[in-house]
Each structure stands twice: as C-alpha cells, then as structure tokens.
Amino acid sequence: MGSLSENARKWWRSHKQKTQQQTAPSHTPLQKQLADNEQRLRDLYANCSDVVFRSFRIGGTIRALAIYIDGLTNQEELERSVLSVLMQTKLPKDSPLTKLLDNLVPVTKSREMSTVEQCLEAIANGNPVLLIDQQERAIAFGLARWEKRQIEEPVAEGVVRGPREGFTESLHVNTALLRRQIKTPALKMEQMQIGGYTQTQVVLAYIEGIVDEDLVAEVRARLGRIEIDGVLESGYIEELIEDHPASPFPQILTTERPDVTCGNLLEGRIAILVDGTPFVLIAPTTLFSLLQSSEDYYQRSLASTTIRWLRYLFTAISFLLPSLYVALITFHHEMVPTSLLISMAASREAVPFPALVEALLMEITFEALREAGVRLPKQVGAAVSIVGALVIGQAAVQAGLVSAPMVIVVAITGIASFMIPHYIAGIAIRLLRFPMMFLAGSLGLLGIMLGIIVTVIHLSTIRSLGVPYLTPVGPIKVAEWKDTLVRAPWWMMNTRPHLTGDYQKIRQGANQKPGPKKGGDPA
Amino acid sequence: MRGVVLVLLVSCALLGGCWDRTEVNDLAIITAAAVDKAGKDEIDLSIQVFIPKEVGGGGLGVPTGSSTRELTTVLSGKGINIADAMSKVQAKLSRKVFWGHCKIYLFGEEIAREGIADHIDFLVRHPEPRNRAYLYISKGKAVETLGIESVLERSTAEALREYASLHIGMPVTLIDFRNMLKSEAQAVAIPYIQEGNKLKDKEQIQKNTPLLGTAIFKKDKLAGVLTSKATRGLLWLRNEITRASISVDLPEGQGLVSVVPIRATTKLIPRIANGKWSILVKIDTEGDIVENATKLNMMEPSSIALVQKSVNDEIKSRIRLALFHLQKEFDADAGNFAAAFHRKYPQEWEQAKPMWDALYPQIDVNIQVQAAVRRPGLISRPAGSTDEHGKAEK
C-alpha cells in the first residue's frame, strides 16, 4: 500500500512538471516587444481555435493586440468600448499608456498585469487582455460574459413555503445570491483556485465574528492541501476534505439553496462554493442537520416539530423495516399477532425463496428502479415507473415470486427513504439497510440489535470538521435540542448552536414572544 | 489487512446464525390444543392446525373466499404425556409444529378430574407455548370442540379467545392457573364450556350457549362446576366482574329493571374473633339503568333508591349462591379467602393452614353491597308510558 501511494505521488510530481511546462514556468514577465509577447502566447495557445488574437493600432500608430476566447467575452462591448475608442484616439508616442487607457476606456473592471500567467488566467476567465507595444504591462478588461443557466427552482430540494431560487453553475451568480441575503461586510468570501488543469474557482464563505477562526483555518488548510488535476463538481472537494472517508454517512452537507446556505452561515458554519456546480458544501454538519429541511424554519413551529418527528420515525423505518420483517418472519413468529401471522403465512405459501432472499430481491429491484428513474430521460421515466409498478407490485406477487406483505414492506421502506430531505443521507441509510437485512436473516432480532449498536457506535465516533456527528444528542447539549428534537419558535431561538467555538452565542434579543402586553396598537 | 480480518470475523458471527431459522411456510401453526383422557395412563392430545393455503391470500388476485372450506384441521396423537403425544402428532405433519400462537388449551372433564398439573407443566416449561393462553375445561371430550366451525371467527380457537376477552365468564390464562394453584387457597377456577357435540350445527348453536359456568378445582383436580349464575357470584367475590347485567324485580313498580355496573370493587375483610373466623365481603359498585319495564320514573330519587336496594339484594344472593357451592359442596376456596386471612392474620394462618379444608366451610361470610345507580339512561320515563293520561302500557 505504501509503495502504491509513493508511486502516485511520483506520478503526480512528474505530471505537475509537465503541466507547468505546457503552460509556462511561473512568473514569466511580459516583454517590452509586442512581437515577443504575441509569439509566446500564440505558442501557448497553439491549436486553440477558440482563442482570438486581434491586432490593431492605437490611434493608427501604436501596435496593440487584444486576446480573448470566443464565447467567453462580451464581444460587442469589447468592440464598442475598447477597440473603436482606442483606434480613433490620438496619443503621444511615449505617454504612460496604461494610465491614459484608464481614462479612455469606459470599462469598470480592468486590471493591470505584468506576467504571462496572469494574462492566461484572465483570458481563461473570459476577460480580454490588451497587450501594447513597448509596454511591459498588459490590461485585462472585465468583459467576461458567457451563456449561463437562469436561476431556477432547485430540483432536489423542493419546498412548499420558502424562496424558490437555487444556485446555478456560475460561481459569481452564486456568491451574489448569498450577498443579496447577507449584506454585512462580515460575510467573507475567500477565493482560491483548485485543479491543475481546470483551475476551478472555489470560494470559502463564512461570517466573520460568528464563525470559529480555527475552523476557517482548518478548512483553508484542507483546501490548500488538495492537488488534483481537475474539480468538476463540489463532490471532488467533499471527498478530499472530509474527516472519515470510509464512512457511509456524508459529513458535509450539500445544498442547492441559498437560504439553506445563509441559515448555516448564520449558525457559524462555513460554505464552500465551487464554480461549475449548483451544489454548495456546508460544514461542519451533523446527522440531525441532514434530517432537516429549510422549510422547517418557515412553517409554524408546531407543524415543523411534528414533521421532524415524522421524518425521524420514517428514517428509522427506512433503516429497519425490511430487516425487522425478515427477522420476525424467519425467527420470531410468536411476536406477530396471530391473525397477521396467518395472513403472512397464507401469502408466503407459494413463495419459493426464504424471506431474506425475497427481501433482497425486492429491495434490489426497487433500488434499480429508483436509479433507472433518475437516470432515464423524462419521456422514458414514465414507462419505467409503470413497468416497475406492474413488475414489483402485481406481477411478482401473482407469479408467486414474492409475497404481498413483502411488497408492502418494500413500498413503505421506499417511501420512507424519500422522506429524508437530503438525498445523499437517504442513500447512506439505504446502503446500511442491506447489511442489516443479512444480520436479520441470520441472527434475527439479535442481529438487528447488533447492527443498531454498531451503527450507533460508528455514528458517535465520526466527526465533521471536529464537531461530533451526533451533536447535540451524542455529546448532550440541551440548549441545542430546541432545534433538533423540536423546532422551537423563532422567539425562543435566542442562542446559536455551539459548534467548535463560542462566538456571538446570543443571536437575537431576549423575550420576543409576541403578546398583547408587548405594545403595538392597543386597539 | 485489518479490514479483511474484520470482515472474516463478522462473517463467522453470521455463520452461527440461521440454525434455528424457520420460514413461516415450514410451520404448522397450532391455534388450539385439547387434552383428553385416552385410556389408563394415556392421554389423547389433539391440536387444531391452521391451513394457510385455505386462506388464499397467496396473491392469486381472486380471493378464494368460499367459506365452505375449512381453515383448520384437527390432528390427534396418543401418549403417556403431552410431550410424548406431541411427537406422535408431529409424525403426522409435514411441517414443524409451532406452539407460539396456540392461545387456547382445552381439557376434557375426565382428565380434569384426575388432575391437570402435570400437563400444565409441559405448557409452561416449553419455551414455545404462551403463558397467556386461555384455559378451558370442556364438558365431555375436549377434542370435539376443536372440530366445530365457528359462525363468526376463523376457527373455534379464535372464537374462544374472543370469548375470553369479553369477560362474560372468567378468563383464566396459564399463568393465572399457576398463580391460583400456588396461592394459599390452592383452588382454581377455569371456565367450563359446552360439549362440542352439542354445538355442531346452527340449530344447536342457537339453543346452547357455549359457556356453561366455571369448573372449580381443588388443587389441580376438578371438584365441581358452578352454573353461570353462580359464576357471577364468584366473579363478584374475586373482584373480577367487568361485564354484567343485573335485572331486579321491583314489586312497587310491577316490573323489571336492569342495571349494568360500570365500576365495581370488592374488598375481603377477614376477622377472627374468639376463635371464630369470619369474613366481610364489601362491594362497592356503580351502574347505569339500561332497561326499565316498571311504571316508575327513574328521575325520582325514591325510585333510584328502590332500584339500588334490590340490586344490593340481587348481588348478595348471587354471591351466596356461589359461596354455597364453594363452601358446602366443593370445599374449594376459589374466592381466595385464604390469602386475605394470611395477609391480616399471618400467625393464625400459619396454624390454621393444615386444616384449612376443614375450616373453610365453617367461615361466616357477611356481605355488604353498596350499589349506586348513577344514571337513568337516555330517557327518564319508561318508554311505554303515556304519562299525561296517567296510563302505562304493560
């Protein structure tokens, strides 16, 4: 194993060198002669048909070169505000060009650059770069614009009440969505680039003063440790920074919703936004936050509390029901009410398989149908659900392959697993269901107890960025039960949850419960 | 490496399982069992086994709902005891016998006279039979009851179980039986049911009630049977009455009034004075009028007082009837006076214990009933009365 990782490291090192050779050694200064710079960049962008080199003369005299990538730049704006302005201007030959250009070109975002790498980055991000003869500096204009998806309602996290906007693939749209909700300058967004080839922009967002500085430093360090060729989705980052890579439970929350992200930022967590994906990472997270929906905070407290408990109940059902059924029907016949046992016995009469095999068969079929339903194009999806309903529901029973109660068990389990608001947490529970079924099929209720014990032990050992996963039940923190066992009304949520440090524990004014004596219009 | 070892260890643990794995379709589910005397030193064990394929829930889409098919079958085997007979019965079955859902145990009258404690031992020692299964003593042969078809329920077992939970008679479970047998009184009461032969067809079912009364055991041997009416008295005495309807004749109103007690408590207060043992049965009950065939208006406190007095007398007479049988005929302390004396007079009890059988019939029993009629029902005047004209239909 040691040699393997050594090899990997060697490969990475040589690979990194190669990449760097391909692009450029760091900090190559720009040359005075435009031709030199042009040659250099043309070499780097050899065979890149999407890169546009546009030569022209400023005021008809000074040679200049604009470089941009087709499709990433606002071409009309470039023509109107840069090229036409510069072409028609008259400039003395040796004036400090860059200063003057600032006065001439009506573009808000422009940046001076002195190295080839800076130019490359600017070009890659869609900002056109202007190189001028006899100047060792270049200018990048903030004219990036490319086609992006509209802000839409998040698909995976629907709500009845609550904001309907979701993150998009564009990082700056996403940061803007956050900033629109949290206006304080204390909302910090540290930007960094991860990925040798993709150079993906990653933003670490947190609210200064609420967040634990050590937590931010830790996340910063973990992000800085990443050496990877590309980051195409936040899942890459998640797997590279989580605490327990072998655990089936997600230790980082992912969300598509700006309101969820803001809520978590306000509770002192950090968010990691990755360019190119609408999924934002939130850490540290706990098991209970995976079982909460953003809507819990918008609905009335009583309703939310009830729904939360319903969710907890169905999480348990999703985890245990098939194994309980298998255990009861193979070992503990005396625990089933007589008439139920008689019905079950009658329906199992023609079934050729043991209950465990029957359960596995049905559960695997169900998982397959679910997966097929997710992957298939929408038009075919309906066909799958019809076939699924017929195959699982009726034909299998009629053919005597499975018993009717098993279909009911699988159906309830399926519904239960969809009650978990975060899809990824649902998958963790689904995964664990299978070993539980084996335990139930071989050891009965004893096996189920063993399975539960092992699961609880595991849950209480793992941490998410230093926060125990079962907080506030694992380490008991009574003050936080107001937002886990119940969803207390907002006028009772006076303190923030305690994560790793105590920063601004009090989150709102005390004694805010509305009432007739609290002023307002006496009439 | 560690992971591999761990996986191997865990799989070893799983290998240990499965040995007692039984699928439901490999079980013969016993719903009821009957024990009869077969010959000298031999018993006849009959079990009522449920036939799953007859229920037809197999998902064939069409319910096989024809009620003509029998859902259960009865199998018998002879042996020197239950365990022995059981193995004979098992030999007749293709599936493993499963006692876990047997909720009814029937004993024939004959075997009950010889004592059933030995057979009960199997039922409480074996891990499968339920301690909370109900016991019944059957007139004649117990096996006959298993064969009859229940009108409402799926099987006679189910019918008898529902019967027990109705509390018309005195429901006695295995564990109750053991407790009664172990108690100071050493007398047992078990509901006594009609011979199966007399409940075979619809006509007979209409004529005969299944529950005949209560079989009274002295130790584990049947001493005699209390009638249904006397059973009521016993239930009052044992503080177990939950469902009863007391009808009393009111001469003042020229008719009957029926009262249903909704709450009843019985206290046994023992007393030893001058070497004379006596006991005071104190009953406190509350009830509603459910039928009034008299001319009396039950909104009148005076009428209510009349009813209460008659109810008191009626309850007393029922208890007297039960006590007469228990004390004078069977000499079996099914009301468990012994425990009451033991609690209050432990020393005297220790001395009297060996001759309790002789002492019990001599005990003087005083009965005090405090019946309170709380509600006259939904109407006040008798339904048939036309009060304005001062006439009442009779």
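How many residues does helix α11 (residues 301–330) of chain A have, and how far does the helix reach from its first C-alpha to its last? The points below take up that helix and then the contacts around it.

1. Basis of the note. This is a predicted model, in which local features need pLDDT of at least 70 and side-chain atom pairs count only at pLDDT 80 or more, while totals for chains, interfaces and linings use all residues. Residues are numbered from 1 along each chain as its sequence is written, and chains are lettered from A and ligands numbered from 1 in the order in which they are written.

2. Helix α11 of chain A. This helix has 30 residues and reaches 43 Å between its first and last C-alpha, close to the 44 Å expected at 1.5 Å a residue (the expected span being 1.5 Å times one less than the number of residues). Helices here are DSSP runs of H or I with at least four residues, and strands are runs of E with at least two, numbered from the N terminus. Within α11(A) there is a kink of about 50° at A:L320, shortly before the proline A:P322, where the bend is the angle between axes fitted to the seven residues ending at a residue and the seven starting there.

3. Domains of chain A. Chain A is divided into domain 1 (23–141), domain 2 (171–285) and domain 3 (301–468), with bounds that come from an automatic or database domain assignment. The C-alpha centres of domain 2 and domain 3 of chain A are separated by 34 Å, and the contact between them takes 16 residues from domain 2 and 14 residues from domain 3 (contact requires C-beta atoms, placed from the backbone, to lie within 7 Å). On the domain 2 side, the elements giving two or more residues are α7 (213–224) and β8 (253–255) of chain A, and α7(A) gives the most, with three residues. That side divides into nine nonpolar, five polar and two charged residues, where Ala, Val, Leu, Ile, Met, Phe, Trp, Tyr, Cys and Pro count as nonpolar, Asp, Glu, Lys and Arg as charged, and the others, Gly among them, as polar.

4. Helix α13 against α16 in chain A. The axes of α13 (residues 355–375) and α16 (residues 423–443) of chain A come within 10 Å and cross at roughly 170°, which makes α13(A) roughly antiparallel to α16(A). Axes are lines fitted to C-alpha atoms, for helices over the stretch in contact, and angles run from 0 to 180 degrees between N-to-C directions; angles under 35 degrees count as roughly parallel, over 145 as roughly antiparallel, 65 to 115 as roughly perpendicular and the rest as oblique. A:L356, A:A359, A:L360, A:E363 and A:E367 of α13(A) make this contact with A:R430, A:R433, A:M437 and A:G441 of α16(A), a set that comprises four nonpolar, one polar and four charged residues.

5. Helix α13 against α14 in chain A. The axes of α13(A) and α14(A) come within 9 Å and also cross at roughly 170°, and the two helices are therefore roughly antiparallel to each other. Here A:M362, A:T365, A:F366, A:L369, A:A372 and A:G373 in α13(A) meet A:G381, A:V384, A:S385, A:G388 and A:I392 in α14(A), and this contact has six nonpolar, five polar and no charged residues.

6. Contact between the chains. The contact takes 26 residues from chain A and 24 residues from chain B. On the chain A side, α11, α12 (338–348), α14 (378–398) and α16 each supply at least two residues, and the largest share, nine residues, comes from α12(A). By class, this side of chain A has 14 nonpolar, nine polar and three charged residues.

7. Domains of chain B. The assignment for chain B gives domain 1 (23–58 + 67–219) and domain 2 (228–394), whose C-alpha centres lie 32 Å apart. In this chain, 17 residues of domain 1 are in contact with 19 residues of domain 2; β7 (187–193) and β8 (211–218) of chain B are the elements giving two or more residues to the domain 1 side, with the largest share, seven residues, coming from β8(B).

8. Backbone points to check in chain A. The peptide bond from A:A283 to A:P284 is cis, with omega near -10°, and A:P284 lies in the loop between β10 (280–283) and α10 (287–290) of chain A. The bond from A:T471 to A:P472 is cis, with omega near 0°, and A:P472 lies in the segment after β12 (467–468) of chain A. Phi of A:Q199 is near 45°, a positive value in a residue other than glycine, and A:Q199 is found in the loop between β6 (187–194) and β7 (200–207) of chain A.

Terms used. Contact = placed C-beta atoms within 7 Å.
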